[in-house]
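Please keep the structure in view while reading.

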Amino acid sequence: MPLGKLREMIGGPAPVPAFNVIQVEHAEAIAAAAEETGAPVVLQISQNAVRYHGSLRPIGAAALSVAAAATVPIAVHLDHATSEELVREAVELGFGSVMFDASALPHDENVARTAEVVRWCHEAGVGVEAELGEIGGKDGVHAPGARTDPDEAAAYVEATEVDFLAVAVGTSHAMLSRDAQLDFELIASLHEAVPVPLVLHGSSGVADENLAAAVRAGMWKINIATQLNKHFTASVRTALDDDPALVDPRRYLGAGREAVSAEVARLIRVLKG
């Protein structure tokens, strides 16, 4: 059984950019950029975004609708879910892939719970991303000097049978600057040792030329969230500053949507090389 649209994308010739969705304007902007560039993309909804909306269904159904209407391949993916219940809800809603994040647990428990999630997700035809150790910005292994060991990563993939693996190679979540120092030799070693596609989290903190270099070294799925939020917020601020009497949210949220779409299209071109 095919493991979701994301797995099909990653089997293709180009890296897969994955952009986080907070509200429907994000999903629409990302889809518009995908249409403009003719590139497949991933709409990601994190557990934090689910918490913001109160449940997965409203924003999840919106993202699935946007993806279904597109003329280019768009996958809908659950990002950083720490509960099996949320993963099951995403599978039932129609998500093609999920990230089950048990990285904060002791290693043996991470392996056992992830393997069980993989088992029933695969039965449903859904691909699973996981993480060995924590990705930075959460007191995790993306603190300075922390890195994913290739041999440990390969053993983790073998034990859990995950389809994609998030690895620590120098990035951190929620970076506002773009000066993360990637370990390209480690990326290449992980790419050689690990038999599934590698995922780069915290990519908003990586400069354009280093994003492209990470792809060349072996990264396939590139997660970007904060960079889009920076552009969205800056455009909303400008719209409100330019017209202090503005009260129609369609006008300032529309400005944010346009800014996100432009940045997504630019980043897609960067990753294509």
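Leaving aside residues up to four places away in sequence, T37 touches A265, I268, R269 and K272. The model in which these contacts are found is a predicted one. T37 lies in helix α2, which covers residues 24–37. Is T37 buried or exposed? Its relative accessibility is 14%, and a residue under 20% is classed as buried, so T37 counts as buried.

**Helix α2 and helix α11**

From α2, the residues E25, E28, A29, I30, A32, A33, A34, E36 and T37 take part, and they meet L253, R257, V260, S261, V264, A265, I268, R269 and K272 of α11. Sorted by class, this contact has 10 nonpolar, 2 polar and 6 charged residues. The axes of α2 and α11 are 8 Å apart, and the two helices pack at an angle of about 45°. At this angle α2 is oblique to α11. The crossing of α2 and α11 is right-handed.

Both helices also lie across strands. Helix α2 lies across β1 (16–20), β2 and β3, and runs at about 165° to β2. Helix α11 (residues 249–272) lies across β1, β2 and β8 (219–224), and its direction is at about 155° to β1.

**The barrel and strand β3**

In what order do the strands close into a barrel? The barrel has 8 strands, in the order β1-β2-β3-β4-β5-β6-β7-β8, and their pairing is parallel. From one strand to the next, the twist averages 25°.

Strand β3 (residues 74–81) illustrates how a strand is placed within this arrangement. Of its 8 residues, 8 are buried, so β3 is largely enclosed by the rest of the structure. With β2 (residues 41–46), β3 pairs in the parallel sense over 6 bridges. In this pairing, L43 stands opposite V76 in β3. Strand β3 is also joined to β4 (residues 97–100) by 3 bridges, and these two strands run parallel. Two residues opposite β4 can be located here: H77 stands opposite S97, and L78 stands opposite V98.

**Helix α4 and helix α5**

A second pair of helices can be described in the same terms. Helix α4 (residues 56–69) and helix α5 (residues 84–93) have axes that come within 11 Å and cross at roughly 40°. Therefore α4 and α5 are oblique to each other. Their crossing is right-handed. On the α4 side the contact is made by L56, R57, G60, A61 and L64, and on the α5 side by L86, E89, A90 and L93. By class, the contact of α4 with α5 has 6 nonpolar, 1 polar and 2 charged residues.

| Helix pair | Axes | Angle |
|---|---|---|
| α2 and α11 | 8 Å apart | about 45° |
| α4 and α5 | within 11 Å | roughly 40° |

Technical notes
Residues are numbered from 1 along each chain as its sequence is written. This is a predicted model: local features need pLDDT of at least 70, side-chain atom pairs count only at pLDDT 80 or more; totals for chains, interfaces and linings use all residues. Side-chain values use heavy atoms; hydrogens and water are left out. Axes are lines fitted to C-alpha atoms, for helices over the stretch in contact, and angles run from 0 to 180 degrees between N-to-C directions. Helices (H or I, at least four residues) and strands (E, at least two) are DSSP runs, numbered from the N terminus. Angles under 35 degrees count as roughly parallel, over 145 as roughly antiparallel, 65 to 115 as roughly perpendicular and the rest as oblique. A crossing is left-handed if the near helix is turned anticlockwise from the far one by less than a right angle, and right-handed if clockwise. Contact means heavy atoms within 4.5 Å. Ala, Val, Leu, Ile, Met, Phe, Trp, Tyr, Cys and Pro count as nonpolar, Asp, Glu, Lys and Arg as charged, and the others, Gly among them, as polar. Buried means under 20% relative accessible area, exposed over 50%, partly exposed in between (1.4 Å probe, protein chains only). Two strands pair if DSSP finds at least two bridges between them.
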